[in-house]
Amino acid sequence: MSMNEMETKVKELRELRRMAEELAGEIAAIEDDIKATMTAAATDEISGPTFKITWKHITSSRLDSKALKAAAPELWERFTKTTTSRRFVVA
């Protein structure tokens, strides 16, 4: 790929990312409106002819690695797994 083609691709990528951020904002605003309506109606489920929306509390349990490291550093070290990945950044 030539530098001119790369420049074009980077400009296109930046524009698409800007559009994605804008859409994400619009999506979040609509979701917030729906959640406000559900909160006002004191419900966690709404159904219509073409949709079903649920907004329920979920309980999950996760390991608090920071607390484990402080309380039992040798155990934390024993079960810590190091991974390597690549990060794609356009600046």
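## Close-up views of a predicted model

**View 1. The end of helix α1.** How many residues does α1 have? The helix has 38 residues, and from its first C-alpha to its last it reaches 55 Å, close to the 56 Å expected at 1.5 Å a residue.

**View 2. Glutamate 12 in helix α1.** Find glutamate 12 in α1, which covers residues 3–40. Its relative accessible area is 43%, so glutamate 12 is partly exposed. Serine 2 is 10 residues away from glutamate 12 in sequence, and their C-alpha atoms are 15 Å apart in space.

**View 3. A nonpolar patch of methionines.** Met1, Met3 and Met6 make a nonpolar surface patch of about 390 Å². Of these, methionine 6 is found in helix α1, and it counts as partly exposed because its relative accessibility is 39%.

View 4. Arginine 18 and glutamate 22 form a salt bridge, with the closest N and O atoms 2.9 Å apart. Both residues lie in α1, four residues apart, which is about one turn of the helix.

**View 5. Glutamate 45 and its lysine partners.** Here glutamate 45 meets lysine 56 in a salt bridge (3.8 Å, N to O). This pair links distant parts of the chain: glutamate 45 sits in strand β1, and lysine 56 in the loop between β2 and α2. Glutamate 45 also forms a salt bridge with lysine 52, the closest N and O atoms being 3.9 Å apart. Is lysine 52 buried or exposed? With a relative accessible area of 57%, lysine 52 is exposed.

Definitions and conventions:
Residues are numbered from 1 along each chain as its sequence is written. This is a predicted model: local features need pLDDT of at least 70, side-chain atom pairs count only at pLDDT 80 or more; totals for chains, interfaces and linings use all residues. Side-chain values use heavy atoms; hydrogens and water are left out. Helices (H or I, at least four residues) and strands (E, at least two) are DSSP runs, numbered from the N terminus. Buried means under 20% relative accessible area, exposed over 50%, partly exposed in between (1.4 Å probe, protein chains only). The expected span of a helix is 1.5 Å times one less than its number of residues. Patches are made of residues with over 30% relative accessible area and no salt bridge: like charges are joined within 9 Å, nonpolar side chains (Val, Leu, Ile, Met, Phe, Trp, Tyr) within 5 Å. Accessible areas come from the Shrake-Rupley method with a 1.4 Å probe; for residues, only the protein chains shown count as cover. A salt bridge is a side-chain nitrogen of Lys or Arg within 4 Å of a carboxyl oxygen of Asp or Glu.
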